[in-house]
Each structure stands twice: as C-alpha cells, then as structure tokens.
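The sequence and the model are shown first, and the description follows.

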Amino acid sequence: MFLCRPLLVRAAAVAAAFLLPAIVPTLVQAADLDDAVLDEINYARARPAEYARELRRAPDWAFEQEEPGAVEEAIEFLERQPSLAPLKGDRRLDAAARAHAQAQGLRGDVGHGPAGSLGQRLRANGVFAGLCAENISYGQQDARAIVRQLIIDSRVAGRGHRRNIFSSGYSAAGVACGEHRQWGSMCVIDFAGAIVQR
C-alpha cells in the first residue's frame, strides 16, 4: 500500500511573503544548494539539541515574521528530540523533487499538486515506497534558512514539515531547489521510507 502523505504549505507560502525582498532574488545555485539542504537536515537530525542552541542564540530580528511562540516551541521540541540516523541522498528522489520544482516554479504555483501526484512522481522515477512525504519551502535562498523555516513551521497546523524532517520512518530524501515565479525561490524535499527495490 502506498501511504504517501503530502503536506500542504499554504501557511509557509504566506509566511515567506513577508520575508521576500522587494527585488527579485538572485539565481539559486541549485546543485550546491540541494546538497546543502540535505546536509542541514541531517545536521538537525543528528544534533537536535545543538540546533536548538543555535536557534536560541539567533538574533530576535531573524524571527520577526514567525507566529508568537513558534520559535520557542521549536526549540523545546529540539531539546527533547533524540538523535536520528542521517537520510541518504537518492538521485531518484532528487529527480521527483526536481520535476515538481521546475513545473511549479515556472507557473508560480504553490502546494503539492492534485491528490496522489507525489506518489505518481516517485513511481515515474522508479521509487516504490511504503512511506513518503514532501516538504516545500518558498522564498528562502540558503540551506540554513530553508531548513529553519521548515523546522519552526510557523502557521502550519500540526507542524507537519517538522514531523517529516524528524520522522524515523524515512531513510532517504531528495532535494531540488530553484526559482519560483511568485516567491522568487523554492525548495522541494521528498522523503521516502520502506523503499521496495524493483
């Protein structure tokens, strides 16, 4: 059974609107940024308490647009979170994420597409997974900002992006960042677990 559960990110897109500069962002160095995002996710998974300390030391102005209490809630979560194994990079998951980032970025759309589209993208790239999920960040241009946005998960009910990052059910991830017509930049992260080799 295919149990992919994409997470809606309307609230993240709304929050990103406040963070965008008035000038169109410079081009994203996609390949380097993709790798840096996965490295940052794995750093947060391996050292959540250290990540919490970094959030606590960040200047207040860095979080001005976050909902009240969201940063403190994220810090408390990270302080309780045990270390997790790193997610392995998977080029097939990268390709699935890239397909969505390219199509959506060009049109300026937000979200994950119609129901079942994440599973279709994964299968089209040879990934048959028992568990999968997708996070999308809009308006951030560096790995630390992308991952922090998703961990804080301001204005997202249930903090689903954070849950995806810290789920022990996922063993692999693919990342694709690029330009976005409306938000300037975007980054798609596809997670998978219980991958069936075919």
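## A first residue

Is Ser167 buried or exposed? Ser167 is buried, with a relative accessible area of 16%; buried means under 20% relative accessible area, exposed over 50%, and partly exposed in between, using a 1.4 Å probe and protein chains only. This residue has its place in the loop between α8 (160-165) and β3. When neighbours within four places in sequence are left aside, Ser167 is in contact with Arg45 and Leu84, where contact means heavy atoms within 4.5 Å.

## Basis of the description

The model is predicted: local features need pLDDT of at least 70, side-chain atom pairs count only at pLDDT 80 or more, and totals for chains, interfaces and linings use all residues. Residues are numbered from 1 along each chain as its sequence is written, and side-chain values use heavy atoms, with hydrogens and water left out.

## Overall architecture

The protein chain contains eight helices and four strands. Helices (H or I, at least four residues) and strands (E, at least two) are DSSP runs, numbered from the N terminus. In sequence order, the pattern of the protein chain is α-α-α-α-β-α-α-β-α-α-β-β.

Of the 198 residues in the protein chain, 54% are buried. Among contacts between residues at least 6 apart in sequence, 79% join residues at least 24 apart.

## Helix α3 against helix α4

Helix α3 (residues 48-57) and helix α4 (residues 70-80) have axes that come within 7 Å and cross at roughly 155°. Axes are lines fitted to C-alpha atoms, for helices over the stretch in contact, and angles run from 0 to 180 degrees between N-to-C directions. The crossing angle therefore makes α3 roughly antiparallel to α4; angles under 35 degrees count as roughly parallel, over 145 as roughly antiparallel, 65 to 115 as roughly perpendicular and the rest as oblique.

The crossing of α3 and α4 is left-handed, a term used if the near helix is turned anticlockwise from the far one by less than a right angle, with right-handed used if clockwise. On the α3 side, Pro48, Ala49, Tyr51, Ala52, Leu55 and Arg56 meet Glu72, Ile75, Leu78 and Glu79 of α4. The residues of this contact of α3 with α4 comprise seven nonpolar, no polar and three charged. Ala, Val, Leu, Ile, Met, Phe, Trp, Tyr, Cys and Pro count as nonpolar, Asp, Glu, Lys and Arg as charged, and the others, Gly among them, as polar.

## Helix α3 against helix α7

Helix α3 also packs with helix α7 (residues 143-152), at an angle of about 100° and with the axes 13 Å apart. The two helices are therefore roughly perpendicular to each other. Tyr51, Glu54 and Leu55 of α3 make the contact with Arg144, Val147, Arg148, Ile151 and Ile152 of α7. Five nonpolar, no polar and three charged residues form this contact of α3 with α7.

Glu67 has its place in the loop between α3 and α4 and, at 22% relative accessibility, counts as partly exposed. Apart from neighbours within four places in sequence, Glu67 is in contact with Asp153, Ser154, Arg155, Val156 and Arg159. The C-alpha atoms of Glu67 and Ile152 are separated by 9.5 Å, although these residues are 85 residues apart along the chain.

Val156 lies in the loop between α7 and α8 and is buried, with a relative accessible area of 7%. Arg159 also lies in the loop between α7 and α8 and, at 11% relative accessibility, counts as buried. Phi of Arg159 is near 50°, a positive value in a residue other than glycine. Most residues other than glycine have a negative phi.

A search of the whole structure finds one disulfide, that is, a pair of cysteine sulfur atoms within 2.5 Å. Cys177 and Cys187 form this disulfide, with their sulfur atoms 2.2 Å apart. Cys177 lies in strand β3 (residues 172-180) and Cys187 in strand β4 (residues 184-196), so the pair ties together parts that are ten residues apart in sequence. Both Cys177 and Cys187 are buried.

Trp183 is placed in the loop between β3 and β4 and is buried, with a relative accessible area of 11%. Its C-alpha atom is 5.1 Å from that of Gly139, 44 residues apart along the chain. In strand β4, Ala194 has a positive phi of about 55° although it is not a glycine.
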